[in-house]
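Have a look at the picture first, then read on.

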Amino acid sequence: MTDVNRLPVLVSLQHVSFQFANGETLLDDVSLSIDHTPTGIVGRNGRGKSILAKLIAGLLSPSSGTLNGASRVTYVPQSVEVAPGDTVADLTGTLPILSALERMAQGTAQVDDLALIDDRWDLAVRLRGALDTAGLETLTAQTPAEQLSGGQLARVVIIGALLAAPQLLVLDEPTNHLDSNGRMWLLRMLGDWRGGLVVVSHDRQLLNAMARIIELSPLGVHVYGGNYAAYRHQRDAEQQAAHAALEHARLARSRERRRLQKDHDSLQRNAARSRKHAETANVDRFTKARWKGAATEIVSTVRSAHWQHKHELDAQVREAYERIVDETPTLLALPTSAVPNGRQVLSLVDAHLPWLPSTHLNGHLAGPVRVAVRGPNGCGKSTLLKVLAGEWRLVSGECSVQVPSAYIDQHLALLDDQRSLVEQLNLLDTPLAEAELRTRLALLQLDALRVTQPVGQLSGGERLKAAMAIALWREVPAQLLLLDEPTNHLDLESVMAFEQALQGFTGAMLVVSHDAAFVQAIRPTHYLDWHPAGWCLERA
């Protein structure tokens with residue numbers, strides 16, 4: 001077994017801090033060493049997971065501290081931008097070498113082609129094999145990128161990263177758009193990977209394949225040995241101890257306050273007796289004044305000591321409270337989001353979805369139904385939601401949605417990135433008073449700063465929460481939620497809170513998700529499954 005303590009360090013961060021231009025500090029005094037140990041990065045949205053990943057990859061420079069990195073690092077972001085005309089070869093970064101190989105084969109080689117190719121003469125064969133292994137047999141190096149689904153695009157970009165064979169591979173939420181087969185493929189590929197690996201993820205299965213977890217929390221950056229399950233066990237034990245310490249500090253403060261109050265009352269009585277004795281004693285008036293002053297001074301001194309002791313007790317409680325980091329956000333729907341039993345929600349009659357083979361959908365849904373839409377990447381799940389949202393038209397057939405709906409897609413197009421969340425909600429004439437609105441947003445961990453800045457500056461998870469607020473808190477709230485991979489950009493705690501919130505939602509929903517645990521948690525009433533022969537709607 002390899003001694004992880006002797007693995008060569010690939011990236012070293014020493015007292016690194018990162019600060020935005022507006023002065024907000026996201027990471028402060030972080031010291032880490034990244035070696036070949038497969039490492040997962042976890043933490044609440046907005047804590048800086050992607051920033052830390054980009055620092056490790058060398059794509060960002062720290063505001064202070066030192067960062068020494070590996071010479072060859074490949075970073076795969078959460079979202080890949082596709083330029084017009086891009087092909088699979090462009091996305092995998094293999095186009096220059098494939099073009100050089102093609103010129104060599106045609107006898108039109110250029111001066112630098114041999115150096116460009118180096119020892120990668122078999123790159124075309126390896127790319128073909130990688131595509132086939134990933135279940136992308138129908139794709140070629142020349143396939144236009146615009147034809148790829150989100151899951152296909154994710155697999156192609158990861159293939160390019162693996163083919164680059166870097167010393168360190170950094171992946172930011174790599175399973176976001178992958179179906180179950182795609183996730184199993186990724187686990188196999190990463191299991192065979194022998195370079196350094198850092199993964200930002202909320203995917204519990206993927207995190208359990210890691211050997212080290214780095215957590216970002218309000219308490220700073222902490223490193224846990226073992227996989228996600230081991231991290232969670234240790235973190236839960238720490239939180240239980242933190243809760244116990246908080247309860248102990250509160251009880252100690254309460255006992256001490258009662259004792260201090262009792263001592264104070266006793267001292268006041270004694271001081272009053274002393275002053276009365278001084279008043280009636282057969283002594284000169286200067287002695288009386290001195291005795292009275294001494295009694296008052298003693299009371300003042302003890303009162304000051306008591307105040308200092310109370311201050312220390314309060315500080316101990318605050319310190320204990322600050323060790324608790326498991327705040328749970330809550331999403332709250334409005335009463336008018338409810339769909340009564342029997343109320344028609346949507347109907348599809350011989351619906352032929354665009355861009356897909358000629359299979360037709362038929363179905364009628366009524367009441368607070370919960371439909372989980374399942375099928376492999378590229379089968380048309382997102383296309384169906386866009387049709388129901390009115391963004392795309394059917395090739396033929398009929399589609400009718402009879403209740404107010406909100407489509408929250410993978411790219412959160414519902415949001416205006418240039419406007420703040422509060423501004424967008426006010427434009428939608430939310431029925432909530434501003435005080436209640438801000439309280440609800442605070443429950444989502446969207447504080448005063450975040451709700452007043454352009455939503456384009458929020459993290460992925462914060463943007464999803466903003467989109468849900470707009471869907472549920474506008475003048476006419478959504479009674480039908482069309483959710484396309486809603487957990488993609490949420491941290492694990494928020495995923496579980498989101499599950500609880502949807503369990504209490506009294507409207508209808510159609511959900512596309514490859515997260516089996518999430519689908520089970522929302523308690524679907526129906527499943528809409530894709531099969532090569534067509535779609536099938538069944539009760540759960």
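Which residues does Leu-483 touch, not counting residues up to four places away in sequence? They are Leu-385, Ile-408, Met-468, Phe-498, Leu-502, Leu-510, Val-511 and Val-512, where contact means heavy atoms within 4.5 Å.

## Before we go on

This is a predicted model, in which local features need pLDDT of at least 70 and side-chain atom pairs count only at pLDDT 80 or more, while totals for chains, interfaces and linings use all residues. Residues are numbered from 1 along each chain as its sequence is written, and side-chain values use heavy atoms, with hydrogens and water left out.

## Around Leu-483

Leu-483 sits in strand S15, which covers residues 480–484. Strands (E, at least two residues) and helices (H or I, at least four) are DSSP runs, numbered from the N terminus. Is Leu-483 buried or exposed? Leu-483 counts as buried because its relative accessibility is 0%. For reference, buried means under 20% relative accessible area, exposed means over 50%, and partly exposed is in between, using a 1.4 Å probe and protein chains only.

Leu-483 and Ala-372 are 111 residues apart along the chain, yet their C-alpha atoms are 9.8 Å apart in space.

## The six-stranded sheet

Strand S15 belongs to an open sheet of six strands, in the order S14-S15-S16-S12-S17-S18, with mixed pairing. Two strands pair if DSSP finds at least two bridges between them. At the edges you'll find strand S14 (405–408) and strand S18 (534–539), each pairing on one side only. From one strand to the next, the twist averages 15 degrees.

Strand S12 (residues 370–374) and strand S16 (residues 508–512) pair in the parallel sense, over four bridges. Look for Arg-370, whose bridge partner in S16 is Met-509.

## Helices on that sheet

Helix H16 (residues 492–503) packs on the sheet and touches S12, S15 and S16, and its direction makes about 155 degrees with that of S15. Helix H15 (residues 460–472) lies across S14 and S15, running at about 170 degrees to S14. Axes are lines fitted to C-alpha atoms, for helices over the stretch in contact, and angles run from 0 to 180 degrees between N-to-C directions.

H16 has twelve residues and reaches 17 Å from its first C-alpha to its last, close to the 16 Å expected at 1.5 Å a residue. That expected span is 1.5 Å times one less than the number of residues. Why is H16 largely enclosed by the rest of the structure? It's because nine of its twelve residues are buried. Among them are Phe-498 and Leu-502, both of which are also touched by Leu-483.

## The three-stranded sheet

A second open sheet to find has three strands in the order S11-S10-S13, and its pairing is antiparallel. Its edge strands are S11 (360–366) and S13 (396–401), each of which pairs on one side only. Neighbouring strands here are turned by 10 degrees against each other on average, direction ignored.

Strand S10 (residues 344–352) is joined to S13 by five bridges. Within that pair, Leu-348 stands opposite Cys-399 in S13.

## Cysteines

How many disulfides does a search of the whole structure find? The count is zero, with a disulfide taken as a pair of cysteine sulfur atoms within 2.5 Å. For Cys-379, the nearest cysteine sulfur is that of Cys-536, 13 Å away. Cys-379 is buried, with a relative accessible area of 5%, whereas Cys-536 counts as partly exposed at 27%.

The UniProt annotation "domain: ABC transporter", from an unreviewed entry, covers residues 11–243. UniProt positions are given in the numbering used here, feature names are shortened, and annotations may be inferred rather than shown by experiment. The end C-alpha atoms of residues 11–243 lie 35 Å apart, and the span is 38% helix and 24% strand.

Most residues other than glycine have a negative phi. Asp-29, however, has a positive phi near 55 degrees; Asp-29 is in strand S2 (residues 25–34) and is partly exposed at 48% relative accessible area. Ala-165 also has a positive phi, of about 50 degrees. You'll find Ala-165 in the loop between helix H6 (150–163) and strand S6 (168–172), partly exposed with a relative accessible area of 42%.
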